[in-house]
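Subject: Structure handover

Hello,

I am passing a structure over to you. Please open it alongside this email.

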Amino acid sequence: MTFSSFTLSLREDIAIAQQNTNISLQSPARKLTFPNLKPVLIKIFHDLKQGNKTLSQLQKDAIASDNFESLALFDAYLQKLIQLGWIYHLVIPLAKAVPMVGNYHLDRDEIDWQNDTFILSRFAYLHSIDGEMCLESPLSQSKVLLLDWRSSALIAKLSQPQTVTELMTDIPDLTEAIAQQFVSLLFATQMLAPKTARSPLIFWEFHDLLFHSRSRSGRHDYPIGGVYPFKEAIAPLPVVKPLMGDTTIALYRPDIEALQQTDLPFTQVLEQRRSVREYDEENPITVQQLGELLYRCARVKEAIETEMVELSRRPYPSGGAIYELELYPVVRHCEGLDPGLYQYHPLDHVLCPISQWTPETEALVIEAWFANGQQVKPQVLLVITARFGRLFWKYRGMGYAAILKHVGVMYQNLYLVATSMNLAPTALGTGNSDLFAAASGIDYYQEASVGEFMLGSLC
């Protein structure tokens, strides 16, 4: 089975125009002109637009006109169009491979139709998009649109190893040739598991590779970057989240100018920075220390009005000056504060009590204890959340990846300032977002925890 059995079609958004013996193809971003074409090649371009002939049929048409001269030209032109991602490969009536990037190519794999078995790649996933069933994989430069219910049934059967004969069983009106074409298309688009193990893929989880490939350019054509997808539909979230209650606790505001004279040298702080999982429980962290840490790490230094969205400046960087992260101290043992869950308001530099000590807040502390190897329970656990709509209002594709990068720079800020203040800091690698939603009453999809940071007093 070769690629010659695939039906070829120009992408829908490619316009074709003819002027005398010249053919022009126009995409939204590029125009190509093929001059002085023979009639057979002109007809082939129009056939590509119609999308009703296989590669083999188009090649035969080219050969019939003048032996091999037109065939050589056609093959060269076709490779150019495939590399541009302007050509669909179809298996009628089952599926269509849609290129998602330029420099596109199909993988070729020798197949023994009598003995080989086939199974879906663990990275392939099927979902509905724009009213069609779509098969995608972070391994692939294309997506496969399923055109018939039988193709969905075939995908389901490929969850287990199948020969072509087994694959065809119980699927009506499916010839062996079409089944082989369908398998060839899935192989060519890397939707099937490879015959030989690719060692780097052993390390990847499905969700990690998907997240990596879809939050960066190169393997898809989905919108990515600052495209403001909800500009006309939804107002942007405010630069600072409103207080969640009527009561506030004013926090200590350190003298930044004085700290510039007395603080530890920056290089010394960098060199001393480490995770500390041992606290002085008789002399716990104080509310003044917590206030200084939050002021130096996360306060709003300036609110900025723009025509599009409110922005701000804070002590750590954030993509587009959006600042979607929020901080919620879970206090277990802090001098000057009752145990419970608090909201930090970075504009007014105050704490707003959300709840007293409850089974849910205790569970958050226990979760942190497990996450750090059951070495110590934090005196104060800083839960870092993201107001997703705040960032997603502007950014597509890369939004969640940007949130995690922001969590990283927040971690570094907390580490360095805590080290300078002689506190005991520890960042955690995981947490329970559902548990935080239960403790705070905040909708999981509106705002959820994306990072956790433990604090305590040095022994």
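Below are the notes on what was found in it.

This is a predicted model: local features need pLDDT of at least 70, side-chain atom pairs count only at pLDDT 80 or more, and totals for chains, interfaces and linings use all residues. Residues are numbered from 1 along each chain as its sequence is written, and side-chain values use heavy atoms, with hydrogens and water left out.

Start with the open sheet. Seven strands form it, in the order E12-E17-E16-E15-E18-E21-E20. The pairing is antiparallel. Helices (H or I, at least four residues) and strands (E, at least two) are DSSP runs, numbered from the N terminus. Two strands pair if DSSP finds at least two bridges between them. The edge strands are E12 (249–250) and E20 (423–428), and each of them pairs on one side only.

Inside the sheet, look at E15 and E18 (residues 380–387). Seven bridges join them, and they run antiparallel. Leu 325 faces Ala 386 of E18 across this pair.

Two helices pack on the sheet. One is H11 (residues 359–371). H11 touches E15, E16 (340–345), E17 (350–356), E18, E20 and E21 (447–457). Contact here means heavy atoms within 4.5 Å. The direction of H11 makes about 100° with that of E15. The other is H13 (residues 399–420), which touches E15, E18, E20 and E21. Its direction makes about 10° with that of E21. Axes are lines fitted to C-alpha atoms, for helices over the stretch in contact, and angles run from 0 to 180 degrees between N-to-C directions.

**Helix on helix**

H11 meets H14 (residues 433–440) at an angle of about 155°, with the axes 8 Å apart. That makes H11 roughly antiparallel to H14. Angles under 35 degrees count as roughly parallel, over 145 as roughly antiparallel, 65 to 115 as roughly perpendicular and the rest as oblique. The crossing of H11 and H14 is left-handed, meaning that the near helix is turned anticlockwise from the far one by less than a right angle; clockwise would be right-handed. On the H11 side, the residues in contact include Leu 364 and Glu 367. On the H14 side they include Leu 435 and Phe 436.

H13 pairs up with H10 (residues 287–298). Their axes come within 9 Å and cross at roughly 135°. That makes H10 oblique to H13. This crossing is right-handed. Among the residues that meet are Leu 293 and Arg 296 in H10, and Met 410 and Leu 414 in H13.

**A loop residue**

Where does Ser 318 sit? It is in the loop between E14 (311–313) and E15 (325–331). Ser 318 is buried, with a relative accessible area of 13%. Buried means under 20% relative accessible area, exposed over 50%, and partly exposed in between (1.4 Å probe, protein chains only). Leaving aside residues up to four places away in sequence, Ser 318 touches Tyr 323, Glu 324 and His 406.

**A hairpin**

E8 (residues 125–129) and E9 (residues 132–136) run antiparallel, joined by five bridges. Leu 126 stands opposite Leu 135 in E9. The hairpin has two residues between the strands, and Asp 130 takes a positive phi near 55° there.

**Salt bridges**

How many salt bridges does a search of the whole structure find? The count is 14. A salt bridge is a side-chain nitrogen of Lys or Arg within 4 Å of a carboxyl oxygen of Asp or Glu.

Lys 38 pairs with Glu 69, with the closest N and O atoms 3.4 Å apart. Lys 38 lies in the loop between E4 (31–34) and H1 (39–50) and Glu 69 in H3 (residues 69–84), so the pair ties together parts that are 31 residues apart in sequence. Lys 38 is partly exposed, at 33% relative accessibility.

Arg 313 and Glu 302 meet at 2.9 Å, N to O. Arg 313 is in E14 and Glu 302 in E13 (residues 302–304), so this pair ties together parts that are 11 residues apart in sequence. Arg 313 is partly exposed at 40%, and Glu 302 is partly exposed at 35%.

Lys 53 bridges to Asp 47, with the closest N and O atoms 3.4 Å apart. Asp 47 is buried, at 11%. Lys 43, Asp 47, Lys 53 and Asp 61 are linked in a network of salt bridges.

Best wishes
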